[in-house]
Amino acid sequence: MGDDWRVARAATLRAGLTRDVIDPWFPRSIDRADGGFLSGFDHRWRPIGAQDRLLEFQARQTRTAARLGVALPADARWPEYTRHGMRYLDRVMRDTTHGGWFAQVDRAGQAQLGATKDAHGTAYLISCGVEAHQLTGDALPLEIAHQAFEWLETTLHDDEHGGYHGWTTQQGKTILSSADLPPDLAHRSDDHQGHGIGLKDANVHSDLLEAFTLLAGVSTDARVRLRLAEVYEVLTQHFVTSAGAVHYLLLADLTPVPGLEHYGYPAQTGHRLPAAAKQLGRSVDEALAVARQMLEHVLEWAWDADRGGFDEAGPAAEPRAIGGVQLRIRKRPWWVQTEAAKLLLRLALDEPAHGRYRVHFDQLMDVLDREFVDHRNGGWEMKARGDWGRRQRWTGRSMPKSDKWKDASHEADFHLAAIRLLRGLEPDAPID
């Protein structure tokens with residue numbers, strides 16, 4: 001692949017990292033009064049909403065600060081921002097009575113969602129702790145990462161079937177049915193992420209794959225590598241199909257649950273598999289072959305040939321008609337584009353100069369610039385502007401820039417990974 005193309009793309013992405021990610025989010029999102037990070041901003045980056053603190057958001061925003069610090073070592077802000085986030089995770093979101101970390105607290109630090117805890121946010125807490133330690137050298141973040149792993153091991157690991165359950169009560173009782181819910185959540189038929197209660201999901205297991213890969217690189221606990229190998233097997237043998245699709249939900253016994261496939265997870269997991277394989281001493285080439293199959297699947301089923309970009313969801317991993325129609329959700333969320341872009345670029349660099357993956361990558365870059373980057377107000381939109389309603393497209397005022405589910409991590413990770421790939425750098429190398 002031509003050096004000129006790589007240099008030009010890397011320069012564009014480096015400028016975008018500062019303009020579209022760092023400048024809109026930092027230090028604006030830092031809450032000096034109550035701790036942690038603000039999560040809700042309107043289209044002009046004014047704080048909105050209750051500013052509840054989701055563990056996932058707080059851990060990912062802290063991890064983003066740590067990753068930016070590793071990438072930009074001359075910028076002295078990042079260790080401070082990282083320590084700010086770690087203090088909040090340790091002092092406010094930790095349950096000092098029963099252990100673990102609350103899935104969500106309000107701005108005053110009071111537990112919400114029935115004081116429940118989850119595997120999803122905890123997975124990000126582990127990776128956050130490892131990378132905060134890598135940047136600052138502080139002992140606390142790595143201690144938190146190990147403590148979070150231990151909490152998962154004793155509360156949510158499925159010793160019978162393998163993999164992880166997703167949700168516990170405050171006291172650490174695994175929530176497998178509505179009967180296990182705390183009284184103030186007894187009316188719910190799903191968890192706080194919208195999943196059926198008691199199911200295992202691709203989102204959690206893909207995030208645990210990344211978290212355990214990072215922790216295995218710094219831990220002497222043999223169980224970490226054991227669980228990394230287990231999650232790798234659960235993903236590749238149970239979630240991923242022979243065609244490269246990914247079942248989004250499994251029963252506790254790892255039987256697939258029929259439903260739409262969410263296309264971001266083949267791309268996200270495909271990007272993570274090679275690093276996990278390397279950490280486990282397995283064949284990276286075999287992991288890349290699986291990743292390539294997953295990318296081919298996403299290109300076939302999710303690529304929007306009319307508008308460009310990748311749709312959110314569509315025909316199930318085992319396609320079935322619902323009411324005689326194959327449903328397809330033709331919305332293009334920001335995070336699906338960033339995950340697909342990372343995998344596209346990773347595999348495009350192994351192709352000839354004008355290979356098919358590079359063509360798709362270039363097309364996707366045009367879509368990102370045209371439909372996601374807000375060149376007036378800064379930052380990225382949650383979904384492509386072409387998917388907005390007519391009133392939203394006319395005014396541009398009703399689509400917020402973020403909420404408790406959208407932090408800076410997907411955009412930052414994409415820019416950092418792409419710059420390093422294009423420049424031939426190691427995954428944790430400085431970019432300036």
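A charge sits over a ring if NZ of Lys or CZ of Arg is within 6 Å of the ring centre and within 35 degrees of the ring normal. Keep in mind as you look around that this is a predicted model.

**Stop 1: charges over rings.** Select R60 and Y124. R60 lies over the face of the Y124 ring, 4.9 Å from the ring centre. Now move to K406 and W334. Here the charged end of K406 sits over the ring of W334, at 5.3 Å from its centre.

**Stop 2: rings with rings.** How many aromatic pairs does the count come to? The count is 15 aromatic pairs. Select F41 and W45 to see one: the ring centres are 5.5 Å apart and the planes meet at 45 degrees, so this pair is tilted. Are these two residues buried or exposed? F41 is buried, with a relative accessible area of 0%, and W45 is also counted as buried, at 4% relative accessibility. The cut-off used here is that buried means under 20% relative accessible area.

**Stop 3: another tilted pair.** Select F372 and W380. Their ring centres lie 6.3 Å apart with 40 degrees between the planes, and the pair is tilted. F372 counts as buried at 0% relative accessibility, and W380 counts as buried at 2%.

Notes. Residues numbered from 1 in each chain as written. Predicted model: local features only at pLDDT ≥ 70, side-chain atom pairs only at ≥ 80, totals over all residues. Heavy atoms only, no water. Phe/Tyr/Trp six-rings, centres within 6.5 Å; stacked < 30°, edge-to-face > 60°. Buried < 20%, exposed > 50% of the residue type's maximum accessible area, 1.4 Å probe, protein only.
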